[in-house]
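Let's take a walk through the inside of a protein model and see what sits where.

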Amino acid sequence: MTLVFQAQSLQIEADISETAEDIDVALLKLKTPITELGNIISLSRSKVELSDELGLHGHPAAAISSQQGISVFCTVFDPAHPYNGTKGNLKVNTIAMYSQSTTPSPSGLQPTSGLKGASGGVIATKLGNDSESAVGLLIEDSLNGNALHAVPIFEIARCFPQVQAALERSPHVDRRSPRIALRVGESGRIQWSGSLAPTEISELWDIDPTKQGVIRILVTAKLRELGSLDHALVRLSAYANLKSLRVPDQDAWERRLRSLIDSHREPDKSLAFDTSSNDEHYPSAWQDFDKDELSNLIHQELDRKMLDWLSDELYGCLTNGKSTDIGEKIEVNLGSAMWNRWKIWEVALQENTELLRHFLSRVFDVDASAPVANSNFVSIGFCTNVRKQLLLATLFALALDAAGISTNPKARDIGNLDVAEQSGHACGISKRSQQDLRRFATSLDWKSDVVFLPYLQTSLLHLYLRSVSMTRTEGTKDHSLIQTLPIALTAEDEFLDALALGAKGVHDFYERKRAERDSRLSDLTLPSRTEPLNA
């Protein structure tokens, strides 16, 4: 046969190795070396979009005896076109394109419209370095008009393991590739290669967890060798819907994953480890990153994913009738005002990654002054428990803001909010060490002026009055408290009723709590000084 490629042609011999009738493609085993063709296009699953301009390289037409190849441009009008052409057995969506080019004709004859007979040509996309990446093979030209149909490379790879292996060795960034690979280079820096760039990594949290993931992650370094990157990779992998994770130290990873269960933030789907002994093919192109740089980049992308989800969920709850899981329906006008306040919050959180980081870290910590560190974020993942805790804590804080008590995200030493120029703490914690919040709330040192506790179904003050001995300490009129408690907005019936009443109900509830706190402060007996202060 004649192999024609980018205006070059070569007579070769080949055996048909395998065929795939569903996509009308055959795999050939060459008998003739093709070293004479110097410019070879690599395979890729690079994503094809509407209106992309692709190159078609192939033979001009089956009816033409010319040995010269053609290279023409085609424009995509449907990246996933349900095939309805003349090949009745074709069961695949094709890349549908059109071309303004015409088919060459023998001397003296009029050129025909379209590119009839051009089946088999390579459909390629240009890369930034002027090289090309093959995204499909042309299987049919239209008999009327200039429409062309190509089978995507990723569909061909599903039929032929050899093509799949070639894809995994390709240096091209491949958005549909089934693998991400990481290793530690000789300089100690992290090397990354695969289908998703680090700035796109949150896409792994988009996949429906009820379906089997297609992405595999390969980490060739042990967890202890990753430095500050270990927390980011555990967080990413634990909550992603992966096909598998392949690591050299599975026991170390499993211990980290068990800690997520202990914190009551277990992933919705267990992580599958790849324990096969198959040799891995390594890509030829890697990106270098400093460990701290890559760790921060991954955490930032995952934090933004949490923020995007939260915004979508708040829109549904506050404007579109979706259940909030609070137990009471938020009054319509209050809900609308909460959504308007959220849009202001969202802009501030989007523009300031450190503010978002601070806000999230304190939502998932009962200590209002806990350090904000990467280790805190390992369990802040894309699972049902975490998402619900984040939603409820944010709803409680937004309700107060919408009721006229100024409340805004703030990276304070204490808490994560400013509440009427006081320290505020939106806390979504529901359990600790197998205990509900109600069981350990009285043992905590509440440091903020205002705290939001959507998982405490009683008044924080009343909980203390019931659980602390009346003779335990002195300092207040009834001798019952060992600390000055904050203004607490909890899921007690009175606050849930206020949400149903609207902004005035929430405002009045807060003012009653504030007056109660101020009254107790005025009753607090301070010790008198009996000696000069020893500075």
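Ala240, Asn241, Leu242, Lys269, Ser270, Leu271 and Ala272 line the largest cavity. Keep in mind that this is a predicted model, where local features need pLDDT of at least 70 and side-chain atom pairs count only at pLDDT 80 or more, while totals for chains, interfaces and linings use all residues. Residues are numbered from 1 along each chain as its sequence is written, and side-chain values use heavy atoms, with hydrogens and water left out.

What's a cavity here? On a 1 Å grid over the protein atoms alone, it is a set of points where a 1.4 Å probe fits but cannot get out, and lining residues have an atom within 4 Å of a point. The structure holds one cavity of 30 Å³ or more, and the largest has a volume of about 40 Å³; a volume is the space filled by probe spheres set on the points, which are joined across faces, edges and corners. Its lining splits into four nonpolar residues, two polar and one charged.

Leucine 204 touches three of those names, Ala240, Asn241 and Leu242, and also Ile180, Leu196, Ile215, Ile217 and Leu236, leaving out residues up to four places away in sequence. Touching, or contact, means heavy atoms within 4.5 Å.

Now for the cores. A nonpolar core is a set of buried Ala, Val, Leu, Ile, Met, Phe, Trp, Tyr and Cys residues joined through side-chain atoms within 4.5 Å. Buried means under 20% relative accessible area, exposed over 50%, and partly exposed in between (1.4 Å probe, protein chains only).

| Core | Size | Residues include |
|---|---|---|
| Largest | 91 residues | Leu182, Leu204, Ile298 and Phe452 (most contacts inside it) |
| Second, separate | 17 residues | Phe440, Leu453, Leu456 and Leu461 |

Helices are DSSP runs (H or I, at least four residues), numbered from the N terminus.

Which residues of helix α11 (residues 493–501) are buried? They are Phe495, Leu496, Ala498 and Leu499. These four cover an arc of only 155 degrees around the axis, so they lie on the same side of α11; the arc is that of the directions from the helix axis to the C-beta atoms. On the other side, Asp493 and Leu501 are exposed.

Lysine 329 is in contact with Leu499 and Ala500, neighbours within four places in sequence aside. Lysine 329 and leucine 499 are 170 residues apart in sequence, yet 7.3 Å apart in space, C-alpha to C-alpha.

How values were computed:
1 Å grid on protein atoms, 1.4 Å probe; cavity = no way out; pocket = protein on both sides within 12 Å on 5 of 7 lines; lining within 4 Å. Nonpolar A, V, L, I, M, F, W, Y, C, P; charged D, E, K, R; others polar. Helix = DSSP H or I, 4+ residues; strand = E, 2+ residues; numbered from the N terminus.
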